[in-house]
Structure formats: structure tokens, C-alpha cells
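Have the model open while you read.

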Amino acid sequence: MSNLTKEEILTILNAKDSDILKYMSKTAEYRENNLITYSKNIFIPLTEICRNDCGYCNFKKNPDDPNAIILKTKDEILAELKEAEKYGCKEALFTFGEDADDEEIVQMKLNEFGYNNMCDYIYDICEMTLNETSLLPHTNGGNFTFENLKKLKEVNASMGLMLENSSNRLMELPAHKKSPGKNPQLRIETISNAGKLKIPYTTGILIGIGETKEEIAESLLTIKDIYDEYGHIQEVIIQNFTPIPGIEMENWPEPSFLDMIRTVIAGSLLFKDTDVSIQVPPNLNNDTAQIFLLCGADDWGGVSPVSPDYVNITSPWPGIDELEKLTIDTGFELTERLCVYEKYINAEWLNELLLEKISNLS
Ligand code: SF4
């Protein structure tokens, strides 16, 4: 049962003038400490091929693009992971296009490498990461079936999938009209299956892709309902759409700064009685990131000292020193976390192999 109704969330999303400040200060009442977390990671795109074609995508490449990553080799990945180790990274973020093996060229590469499908390949990459490096895998590669999630759980400390929005209407807009994998029912099913399988999980919403405020409220409530049922959601990302030259939606308007503020406040107040973190990506909000900490956000997400944010290639992450300065200047303390949150580090959620890796890390 949610502590806020849809109407109450909508009141926050439509707040004006001093009401915005009133709600902002309300988020401070529920803070349990002054810590703001981040995860030091390396972002490795395993493939840039994707079955979807989102209007805001800056990541996917066509299979016939000579510069496209069709499938990284194990040696390439291991070299990147070893480099990340030198920088003290603890999370190996594997983000890549959905169902890339629908494309013949990817399937041929998989066969050449000795795999039958993407899931077998991802499993092997994650297992190698656990066996040969000190990093913890976190896979974020679109929808997976229940069986594939079950398999990948064995070699991932945590996983993730953005809900983005729970409205079917967006399937008719430029954002998702060519992306069957963005069907909200499919994504809700994947996120729920991860809950059934007890996979520590990250999800979130994307703001500014044509959704109404009502649809934002419904999306937040959908995530809250799933969390209430399974308890596996460790953080909710509130991400703003950022136009990039060359994407289909390059002329689409960005969400307003105030809309981001109102949404972060709404998310923070909706999850106030839980230990779910609210994350705002600092690299998409360079000049304004600090204000979100005053709206209840308590996590900067993954930040990499070695790799770019491949899905937002024009938005470099701040250095960790810079992030610390921003955090302290706002009145908080920056602290590193793992990709899996503390409360999930036990035998109920993770197998022995992962627990042992984590205990070696600490
Ligand atoms: S945004 Fe993600 S799902 Fe959409 S086309 Fe790009 S890589 Fe695929």
C-alpha cells in the first residue's frame, strides 16, 4: 500500500511557487543520514546492436556500420576490466542492446566464439569477471526471460532495467514507436520476475519523452507496487531526456529543470518509508545536480574514472573529486557503495560465490 495516492503525487508534480519549497523541505525530514552514495564502475558495452530503435538513442549502431561493436571478445573485455581494477573500480557495468542475437551478424559471432545465444555469452563474461578480477558484474541489457534471468542471477551481484514509463501511449510516440522491447507490460514482467528470483535490482523512469504528469505518477506508483511485492528494488533512477545532435528526437524539448525537481521530490516522498535510494545522474545535470540532493536524491549512481557513459556519450561524468566537492558543498558526505546494496549482501539474495567475492572486496 503506497503512502501517497496518485492524486497526491500529481499535486507535487504540479506544485508551484513556495509549495515547491515546502515539498523540498519535507524530503529533508525523512533523511536518515547525510550520506550520498556512488559506485565506482567501468561501463563496458558488450554489443552496440539492438532490436529496438528508440527516438532518443545515441548508443545503438546498425549491423552494417563498420564502427559498430558487434560482440566484444573475452580478451578485450578482460583487458578493460584489468585497467578498471587499477583505478579501484568495483563494478563491471555490462550495458548493451536488447536481443542482439536477433541479428544474423551477432549470431554468427556468437557461434564463432562458441556460444549458442547471448545469454550464454553474457553468463561466461560475468563468470570470467568473477573468476579473474575483483569486480562485481551488474548486467543491464534489456528484457530477459525468467529462465535467462535465473541463469544470470548466479553471476551478477545486481541487475537493472529502466521501466522508463508505464504508459502504452508512448509506444505510439517517437520515443518508443520502433521499440517492441519498450512495451511497458514486458518491462514490468521482467522487473517483477527479477523480484521473484530475488535479484537486487535497479530501475527508474525517463522524464521528457512525451509523457504526461499523470503518466509519471502512474510509473512511480508501478515501481512502488513492484517493490512492495518483492522488496528487490535498491534504487530508482530519475533520468532526464537529453537531446543530442543526430538522434531522431534531437529537436524534442528537454524536460524543464522544475519538472525534474518536482519529479525527484515526488519519488523521494513516495519511497520515504523504504530504504530505496533515489538516483539522479550527475553527468546529465552538470550545473544543477546539487539541487537534487536537496530534493531527496541520495545516490549519484555509477561513476567511472575509466570509461565514458556510452548511452550519453556527450555527457562526461564528473571526476570523483569534483563529485565530492559538489556533495560537500551541498551539506552532505560522499561515500562509495557497491553495485549491490548492503541489505542484499546475504544468503537470501546472493549465492556463495558472490558473497565470497564481496567479502574479499571489503
Ligand atoms: S535506447 Fe537502448 S533499447 Fe533503445 S535503441 Fe538504444 S540501445 Fe536499444
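Is aspartate 17 buried or exposed? Aspartate 17 counts as exposed because it has 7 C-beta neighbours inside 10 Å. The cut-offs behind that word: 20 or more other C-beta atoms within 10 Å of a residue's own make it buried, 12 or fewer make it exposed, and anything in between is partly exposed, with C-beta atoms placed from the backbone.

## Ground rules

This is a predicted model, so local features need pLDDT of at least 70 and side-chain atom pairs count only at pLDDT 80 or more, while totals for chains, interfaces and linings use all residues. Residues are numbered from 1 along each chain as its sequence is written.

Helices (H or I, at least four residues) and strands (E, at least two) are DSSP runs, numbered from the N terminus.

You'll find glutamate 164 in the loop between β4 (158–160) and α7 (184–196). Glutamate 164 counts as buried because it has 25 C-beta neighbours inside 10 Å.

## Around strand β2

Strand β2 (residues 91–95) is mostly covered, with four of its five residues buried. On one side, β2 pairs with strand β1 (residues 35–45) in the parallel sense over five bridges; two strands pair if DSSP finds at least two bridges between them. Here phenylalanine 43 stands opposite leucine 93 of β2. Strand β3 (residues 136–140) also runs parallel to β2, and five bridges join them. Leucine 93 turns up again in this pairing, opposite histidine 138 of β3.

How do you get from β1 to β2? β1, helix α3 (residues 74–86) and β2 make a right-handed β-α-β unit. Right-handed here says that, with the strands pointing away from the viewer, the path from the first strand over the helix to the second runs clockwise.

## Helix α5

Helix α5 (residues 118–132) has 15 residues and reaches 21 Å from its first C-alpha to its last, close to the 21 Å expected at 1.5 Å a residue. That expected span is 1.5 Å times one less than the number of residues.

Among the buried residues of α5 are Met118, Tyr121, Ile125 and Leu130. The buried residues of α5 pack against α3, β2, α4 (104–113), β3, α6 (146–153) and α12 (352–361). Contact is a C-beta criterion: the two atoms, placed from the backbone, lie within 7 Å.

## Around β5

Seven of the seven residues of strand β5 (residues 201–207) are buried. Tyr201, Thr203, Ile205 and Ile207 point one way from β5, while Thr202, Gly204 and Leu206 point the other way.

β4 and β5 pair in the parallel sense over two bridges, and glycine 160 has threonine 202 as its bridge partner in β5. The chain crosses from β4 through α7 to β5 in a right-handed β-α-β crossover. β5 also pairs with strand β6 (residues 233–240), in the parallel sense over seven bridges. Tyrosine 201 has isoleucine 233 as its bridge partner in β6. β5, helix α8 (residues 213–230) and β6 make a right-handed β-α-β unit.

Leucine 10 is in helix α1, and leucine 10 counts as partly exposed because it has 18 C-beta neighbours inside 10 Å. Leaving aside neighbours within four places in sequence, leucine 10 is in contact with Lys213, Glu214 and Ala217. The C-alpha atoms of leucine 10 and glutamate 214 are separated by 6.6 Å, though the two are 204 residues apart along the chain.

Threonine 11 is found in helix α1 (residues 6–13) too. Threonine 11 is partly exposed, with 16 other C-beta atoms within 10 Å. Threonine 11 and alanine 266 are 255 residues apart in sequence and 9.2 Å apart in space, C-alpha to C-alpha.

## The ligand shell

Which residues are around the ligand? They are Cys50, Asn52, Asp53, Cys54, Cys57, Phe59, Lys60, Gly97, Glu98, Gly142, Ser179 and Gly181. To be near a molecule, a residue needs its C-beta atom, placed from the backbone, within 6 Å of it.

By class, the shell has four nonpolar, five polar and three charged residues. Ala, Val, Leu, Ile, Met, Phe, Trp, Tyr, Cys and Pro count as nonpolar, Asp, Glu, Lys and Arg as charged, and the others, Gly among them, as polar.
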